[in-house]
Amino acid sequence: MGEHLLEIKNLSTSFKIKDKYYAAVDDVSITVNSNEIVAIVGESGCGKSALALSINRLHNSERTKMDGKILYKGKDVLSLSNAQMNKYRGKEISMIFQEPLTALNPLMTIGKQIEESLSYHTDLSKNQRKDRACELLDQVGIPKPELTYKQFPHELSGGMRQRAMIAIAIACNPSLIIADEPTTALDVTIQAQILDLLKSIQEANGMGVVLITHDLSVVAEVADRVVVMYAGQVIETGTVDEIFNRPQHPYTRSLLNSVPTTTSVQNRLHVIEGVVPSLVNLPRKGCRFKGRIPWIEDGLHEETPELHEVFPGHHVRCTCYKHFYFKNAEGEEINHDIAQSK
Ligand SMILES: Nc1ncnc2c1ncn2[C@@H]1O[C@H](COP(=O)(O)OP(=O)(O)OP(=O)(O)O)[C@@H](O)[C@H]1O
């Protein structure tokens, strides 16, 4: 198999809290190919953003330690100097953030913000940069590119701002886009439009996309592969079809059962009790999900949970998945799986 566009190998990203380092991303290995959307999913606090920011080395280096490898086109971005890294950001690897109003500069017009990246990474003349900026605004579906070119972020609607941010992200034809909750701040119809736009640009340019989201409907709509994270670790990974039709890990099954469907709304949604532990309190030994499924006996978890290939290309951490069942409020076993009850 050829080289991956992005290959993250045993990455740990640790933050300094009161003079000690705690891993928010713990020994994570994933790959992303060109022309592929890989979704990273999980509840709030499971390490998705910490992972996304690691790829572009956007963490505060004085309070963050990164171990492992982040190979982009075969080159380890962790070994690059800051100057070399600046050449990568925007040119090779771009980011799209959740809230464009905070990610965009409020004092600069949209046109100037697109041109900033073009003047840093290309030799285009002033006029060429303006033409390219308007062309990009047109490409992302902004109806009057020349007008928006001169507007400030606050003059645009949320959806238009997100389109402008996508225009900035793709200005220099990057091979990899990291989109961190790109539609979370938008209302549902606009969300769908932005996802369609992202998917069509990804297909047209053959880019790889890392899509960070907690929203499984977003994943089902656009992703090719899914990486489920829990408490800093990858706990399940596979194609979208595999994860949605044959979820194995109790956490993935619980996440899928938390999504409203016509049948689940009638039968009450399944709720995962508890929360992702805080970074300082994260159990570092054994199955990290154990505390949230206390009805599964201790002995059924692995002491050092590994990722097991359960179907070709479909991996699950810890053997507890073989023994897991849902239970109702009375403690009785129930078959609650949406996937299984289809
Ligand atoms: N700079 C930081 N310093 C210390 N702890 C941090 C830092 N950034 C994140 N954390 C902690 O690391 C853990 C993972 O956070 P992260 O933001 O990656 O989660 P997430 O899955 O992206 O959640 P969300 O969907 O809410 O953004 C959390 O416990 C968080 O509090």
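# Strand S10 and its surroundings

Visitor: Which residue in S10 is the bridge partner of Val-226?

Guide: In S10 the partner of Val-226 is Gly-238. Helices (H or I, at least four residues) and strands (E, at least two) are DSSP runs, numbered from the N terminus, and two strands pair if DSSP finds at least two bridges between them. This is a predicted model, in which local features need pLDDT of at least 70 and side-chain atom pairs count only at pLDDT 80 or more, while totals for chains, interfaces and linings use all residues. Residues are numbered from 1 along each chain as its sequence is written.

Visitor: How many bridges join S9 to S10, and how do the strands run?

Guide: Strand S9 (residues 225–230) is joined to S10 by 6 bridges, and the two run antiparallel. Their hairpin has 2 residues between the strands, and in this hairpin Ala-231 takes a positive phi near 50 degrees.

Visitor: What else does S10 pair with?

Guide: S10 also pairs with strand S12 (residues 314–317), in the antiparallel sense and over 2 bridges; there, Thr-237 has His-315 of S12 as its bridge partner.

Visitor: Is S10 mostly covered or mostly open, then?

Guide: Mostly covered, since strand S10 (residues 233–239) has 6 of its 7 residues buried, where buried means that 20 or more other C-beta atoms lie within 10 Å of a residue's own, exposed means 12 or fewer, and partly exposed is in between, with C-beta atoms placed from the backbone.

Visitor: Changing topic, which residues are closest to the ligand?

Guide: The ligand is surrounded by 14 residues, of which the closest are Phe-15, Ala-24, Ser-44, Ser-49 and Ala-50; a residue counts as near a molecule if its C-beta atom, placed from the backbone, lies within 6 Å of it.

Visitor: And which element gives the most to that shell?

Guide: H1 does, with 3 residues, and strand S1 (6–17) and helix H1 (48–55) each supply at least two.

Visitor: How does the shell divide by residue type?

Guide: It divides into 6 nonpolar, 7 polar and 1 charged, where Ala, Val, Leu, Ile, Met, Phe, Trp, Tyr, Cys and Pro count as nonpolar, Asp, Glu, Lys and Arg as charged, and the others, Gly among them, as polar.

Visitor: Why is Ile-166 counted as buried?

Guide: Ile-166 is buried because 26 other C-beta atoms lie within 10 Å. Ile-166 is found in helix H7 (residues 158–170) and, leaving aside its neighbours within four places in sequence, is in contact (C-beta atoms, placed from the backbone, within 7 Å) with Ile-96, Val-140, Leu-197, Leu-198 and Ile-201.

Visitor: What about Arg-57, where does that one sit?

Guide: Arg-57 is in the loop between H1 and strand S4 (64–72), and its phi is near 50 degrees, a positive value in a residue other than glycine. Most residues other than glycine have a negative phi. Arg-57 counts as partly exposed because it has 19 C-beta neighbours inside 10 Å.

Key:
Two residues are in contact if their C-beta atoms, placed from the backbone, lie within 7 Å.
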